[in-house]
Amino acid sequence: MRRFAITSAAALAVLSLAAPAAARTSGSDDPTVARGVFESYTEGATAVTYSPEKVPVGAGARLLAHETPGAGRTVLMSLRGLLPDREYGAHVHTSPCGRTGSAAGPHFQQRPAPEGVSGDPEYANPRNEVWLDFRTDGSGNALTGAFGDWDLERAGSASVVIHQHHTRTAPGVAGEAGKRLACLNVVF
């Protein structure tokens, strides 16, 4: 996995084409697109904030995931309206958003960790999981992306969860990024 900062106007243009709400476009060659405006939890919400003081109601996120056969998958995310000059963690999780952050389940892992194993860098790492950590600019906006060999269609109806801080990598805490602040539904 390679994580990269996105600064291109082209990336913004592509992300602006994201379909309304969480959606999977038809056909396996089509990209996955999702977008939402963070709100308090309601049944059917596309984007939920669990911590409005850190991910304000009205902030937004857009995601684009595209597979290049034989070359891997690119996942791009743009965010707006968050707190300025702040680091956040973000990962693909295995379940859709719910009433609480824990409803989104664990991180998606290409090679799942054995039952009961957590914090092991062999499984909790940016090659095996989709890590989209980012830092907002002075206006509370950010662009982030990751590239790897993930079979995200296996995740199906899933989510991207925004966490309290960047993801840790040390043994025993690998993959940990603090409190779950917000969640965006994504259908891969």
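A charge sits over a ring if NZ of Lys or CZ of Arg is within 6 Å of the ring centre and within 35 degrees of the ring normal. This is a predicted model: local features need pLDDT of at least 70, side-chain atom pairs count only at pLDDT 80 or more, and totals for chains, interfaces and linings use all residues. Residues are numbered from 1 along each chain as its sequence is written, and side-chain values use heavy atoms, with hydrogens and water left out.

**Exercise 1. State which residue lies over the face of Tyr88, then describe the aromatic pair.**

Step 1. Arg86 lies over the face of Tyr88. The distance to the ring centre is 4.6 Å.

Step 2. Apply the ring rule. Rings of Phe, Tyr and Trp (its six-membered ring) pair if their centres lie within 6.5 Å; planes under 30 degrees apart count as stacked, over 60 as edge-to-face and the rest as tilted. The structure holds one aromatic pair. The ring centres of Tyr88 and Phe134 are 5.1 Å apart and their planes are at 20 degrees, so the pair is stacked.

Step 3. Tyr88 sits in strand 7 (residues 87-93) and Phe134 in strand 8 (residues 134-135), 46 residues apart. Strands (E, at least two residues) and helices (H or I, at least four) are DSSP runs, numbered from the N terminus.

Step 4. Check burial. Buried means under 20% relative accessible area, exposed over 50%, partly exposed in between (1.4 Å probe, protein chains only). Tyr88 and Phe134 are both buried.

**Exercise 2. Classify Asn125 and find its contact with Asn128.**

Step 1. Locate Asn125: the loop between strand 7 and strand 8.

Step 2. Its relative accessible area is 6%, so Asn125 is buried.

Step 3. Take the contact. A polar contact is a pair of N or O atoms within 3.5 Å; within protein, one must be able to donate a hydrogen and the other to accept it, and residues adjacent in sequence count only if both atoms are side-chain atoms. A polar atom of the Asn125 side chain lies 2.8 Å from the backbone nitrogen of Asn128.

**Exercise 3. Work through the salt bridges.**

Step 1. Glu153 and Arg73 meet at 2.7 Å, N to O. Glu153 lies in the loop between strand 9 (142-148) and strand 10 (157-163) and Arg73 in strand 6 (residues 72-80), so the pair ties together parts 80 residues apart in sequence. With a relative accessible area of 31%, Glu153 is partly exposed. Arg73 is buried at 2%.

Step 2. Arg111 bridges to Glu122, with the closest N and O atoms 3.5 Å apart. Both residues lie in the loop between strand 7 and strand 8, eleven residues apart. Arg111 is partly exposed at 41%, and Glu122 is partly exposed at 45%.

Step 3. Glu176 and Arg168 meet at 3.0 Å, N to O. Glu176 is partly exposed at 29%, as is Arg168 at 40%. Shared partners join Glu67, Arg73 and Glu153 into one network of salt bridges.

**Exercise 4. Summarise the protein chain: its elements and its burial.**

Step 1. The protein chain has one helix and eleven strands. From the N terminus on, the order is β-α-β-β-β-β-β-β-β-β-β-β.

Step 2. Of its 188 residues, 47% count as buried.

Methods:
A salt bridge is a side-chain nitrogen of Lys or Arg within 4 Å of a carboxyl oxygen of Asp or Glu.
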